[in-house]
Amino acid sequence: MERYDLPDAKGHFGPYGGVYVAETLMAALDELKNEYERVKADPTFWEEFRQELKHYVGRPSPIYHAKRWSEQLGGAQIFFKREDLNHTGAHKISNAIGQALLARRMGKKRVIAETGAGQHGVATATVAARYGMECFVYMGSEDIKRQSPNVFRMKLLGATVVPVESGSKTLKDALNEAMRDWVTNVDSTFYILGTAAGPHPYPMMVRDFLSVIGEESKEQMPELTGRQPDVVVACVGGGSNAIGMFYPYINVDGVRMVGVEAGGHGIDSGMHAAPLSGGAGVGVLHGAKSYLMQDANGQVVETHSVSAGLDYPGVGPEHSYLKDIGRAEYVAIDDKEALAAFHDCCHLEGIIPALESSHALAWAAKVAPTMGKDKVILVNLSGRGDKDINTVAGLAGITL
Amino acid sequence: MSRIAACFAALEGKKALIPFITAGDPHPSRTVELMHGLVDGGADIIELGVPFSDPMADGPVIQRASERALVHKVGLRDVLAMVAEFRKTNTTTPVVLMGYLNPVFVMGYAAFATAAREAGVDGVLTVDCPPEEAADLSAALIAADLDPVFLIAPTTPEARVREIARHARGYVYYVSLKGVTGAGNLDIDDVARKIAALRAHIQVPIGVGFGIRDAATAKAISVTADAVVVGSRLVQEIEAATEQTAKERLTGLVAELKAAIL
Ligand SMILES: Cc1ncc(COP(=O)(O)O)c(C=O)c1O
C-alpha cells in the first residue's frame, strides 16, 4: 500500500469528511485548524501533552494477556489494551487533554462538550477542573437516565450538565445542541468534541491525540509476544478509540483491523447503530460526509444500542474511507452478544468492561476459537464498566 | 431574468420582505394555503424550510416546526410538490428552499435541481454547505437556472466575503447575529455597519435575518438591508394559531411587517 497520508488540506478522506457547517462556524474552524497546525509542529506542546498523559492519566496503559478467557475459548490468544485503567476510566481523557491544552493556548476559558455514555463528559469536566475552565456538557435526557453515575460525577467536578430534549434525546441530539451553543458563544468557547467525527479538523485532531493508544501498543506487543498482533479490534461509536488504535497500524502490513459496531436488536431488526456494517448509505451530518443511518428522504433515523456510547447514527469519516479501501473491516455485535461478553470478562478476568468495549470483546470471543493458538488478537478495552452497572442490573430486573 | 432578480428590480429600491415558514407545519395539507397567505400579506419572496431531523443551526421554534412536519414524514419530494401546487396560481413570487444538505445530497444534486426547477423553485439555501463544499451542488443548481443562496455571518472575514461574492446568486443572506434562528441578541447598529462593509464586495441584494421579531426591528434593519427575513416569529404565530386560523394570522402579521419596512 502507498504511504497513507490523510486527510487532505481541506479535511477530506477520499470522498468523506470535509467542513459542512453553517457559515458562522467557518471562521472558528479555520482558526482551530491553523492553531492546530501550529502546535502540531511545536515540540513544547507535545512535551506538555506527554507529561499530562504520564502524570495525570497514568499512561502508558498496560497490555494484559487474558489467559483464562483465551484458554477457555481454545483458540487465539486475547490481549487487552487497558484503556479502562486511565484516569476517569476510558480512552476519552487523552483526547480531552489534547483539546484542552489547545484551548488554553488559544485563550479560551469556556469549554463545551457533547456526551453519550458520559465518559467524554466526565473527561471534559475533569480537564476543565484541572485547567480552571468553565464547562458545559450537553447530554440527551435518555442518556442522563441510563448513565446517572456519570452525570453525578460531572457535577462533582463542577460542570453544568445540560439535558437535551430534542429528537431522539441521545448522543446525536447532544451534538446538535453543543453546535448550537458553539455558534452562539463562538468567541469565548472551545468545543471539545468527543469522537473522531464532526467537521475538519476534529476527525484528524481527535485521531492524533488518541493515536497514543496504537503507538503504545506497537511498542508493548513485541515486548510481550515478540511481534505485532494478527488482529487489532475496537468498538466503533463515532470511532475515536478505534482510530486511536488503528491509525499507527495502517501502514503495518499483516495486521488486520476490525471495527465493531453496535448491532442492537440485530441488523435485520433495523434497530441498531451500525452505519458501516448495517448497509447504510452515505450522508452529511454534524459537519462531515460519511456513512449515515437515514431514511429514503435523508432524515437521520433513530438508533438503538444497549450502550449509550455506541448509540450514534453516524461514524467518523476516516472509518468510512478505511472501509471503502478495505484496510479495515467493520462488523456488528448485538446487545445480547455484548452482554454475554461483559459477564464473561467479569467472571473470567476480574475486569468489569464498559458495555461499549464489550462489543469488541464479544467479537474477539466469537472469532478466537476459529484461529490457531499461536495467533494474537489485541482488543482495545476502551473503558471500564462501573458506569454501566445500573443498566446491567436493570436488564436483570434488579434495582440498585 | 430570474424570478428573484425580477422581484428585486420591480421593487425599485423599496425593500423586500422575505417570510420563512417550514413546509409541512402544522400539517402538509396547509402549506400551500399558508404560502398564499404570506403573499396576501405582502411577501415579496418566500423562504420555505425543508424539514430535517437534525436542524443544527435552528433554535427551538424552528426545531419544533421541523418536528411537526416530520410527524407527517414530509420529505424533499413532498416539498417540491407543494411548490408545484403553489405555482398553479402564483407564477411571480420567488420561492427559495432553505434547509440542510443531506436530503438534497441523498436525492442527488442533478435530480434535485431538475425537479426543483420543474416545480417552480427559484433559489436554494443549504445552511450546512459553505462554498468550500458547494461546487457540485452549485453547478447543478446553476445548470437548472436556480440561484444558490449563501449565508454570510458576523464572523465571516473579508477574504471569505469576497469568495462568497463570487458564488452568490439571487441574494446573499446576512446572518444578523452569532447564534441560532430565533435568538434574541440582535444588534441593529452592528448589522448596519456590517452591511455597509459588505457592499464593497457583494453585487447581489443583501437580505438580513435571524432574530427579527417585530415591525420596529424589521423597519430598522430595512434602512440598510435590501431584504428582511422573518422566520421564527411567523412560525410562533402558526404554533399559537389553530389550523383554521393560521393563514389569517400569518397574513395579518406579514402585512404589519411589510407596512413597517422601507
Ligand atoms: C468506554 C467507551 N468506549 C467507546 C466509546 C465509543 O466512542 P468512540 O467510538 O468514539 O470510541 C465510548 C463513548 O462514550 C466509551 O465511553
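1. Burial first: a residue is buried when its relative accessible area is under 20%, exposed when over 50%, and partly exposed in between (1.4 Å probe, protein chains only). By that rule, 62% of the 262 residues in chain B are buried. The model is predicted: local features need pLDDT of at least 70, side-chain atom pairs count only at pLDDT 80 or more, and totals for chains, interfaces and linings use all residues. Residues are numbered from 1 along each chain as its sequence is written, chains are lettered from A and ligands numbered from 1 in the order in which they are written, and side-chain values use heavy atoms, with hydrogens and water left out.

2. Overall form of chain B. Along its principal axes, the C-alpha trace spans about 45 × 40 × 35 Å.

3. Fold content of chain B. There are 12 helices and 9 strands. Both are DSSP runs numbered from the N terminus: helices (H or I) have at least four residues, strands (E) at least two. Contact means heavy atoms within 4.5 Å. Of the contacts between residues at least 6 apart in sequence, 73% join residues at least 24 apart.

4. Surface and charge of chain B. Chain B has 25 positive and 31 negative charges, and their mean positions are 3 Å apart. Lys and Arg count as positive, Asp and Glu as negative; His and the chain ends are not counted. Each charge is placed at NZ of Lys, CZ of Arg, CG of Asp or CD of Glu.

5. A:His286. This residue sits in the loop between E11 and strand E12 (287-292) of chain A. At 1% relative accessibility, A:His286 is buried. A polar atom of its side chain lies 3.2 Å from the backbone oxygen of A:Lys172. Beyond neighbours within four places in sequence, its contacts include A:Tyr312, and also B:Asp54 and B:Met56.

6. A:Asp208. Look in helix H9 (residues 202-210) of chain A. A:Asp208 counts as buried, at 15% relative accessibility. Its side chain makes a polar contact with the side chain of A:Arg207 (3.1 Å). A polar contact is a pair of N or O atoms within 3.5 Å; within protein, one must be able to donate a hydrogen and the other to accept it, and residues adjacent in sequence count only if both atoms are side-chain atoms. Leaving aside neighbours within four places in sequence, A:Asp208 touches A:Tyr36 and A:Lys40.

7. Backbone points to check. Most residues other than glycine have a negative phi, and most peptide bonds are trans. The bond from A:Arg59 to A:Pro60 is cis, with omega near 0 degrees. The bond from B:Asp25 to B:Pro26 is also cis, with omega near 5 degrees. B:Lys73, not a glycine, has a positive phi of about 55 degrees; B:Lys73 is exposed, with a relative accessible area of 62%. Phi of B:Phe210 is near 85 degrees, and B:Phe210 is buried at 8% relative accessibility.
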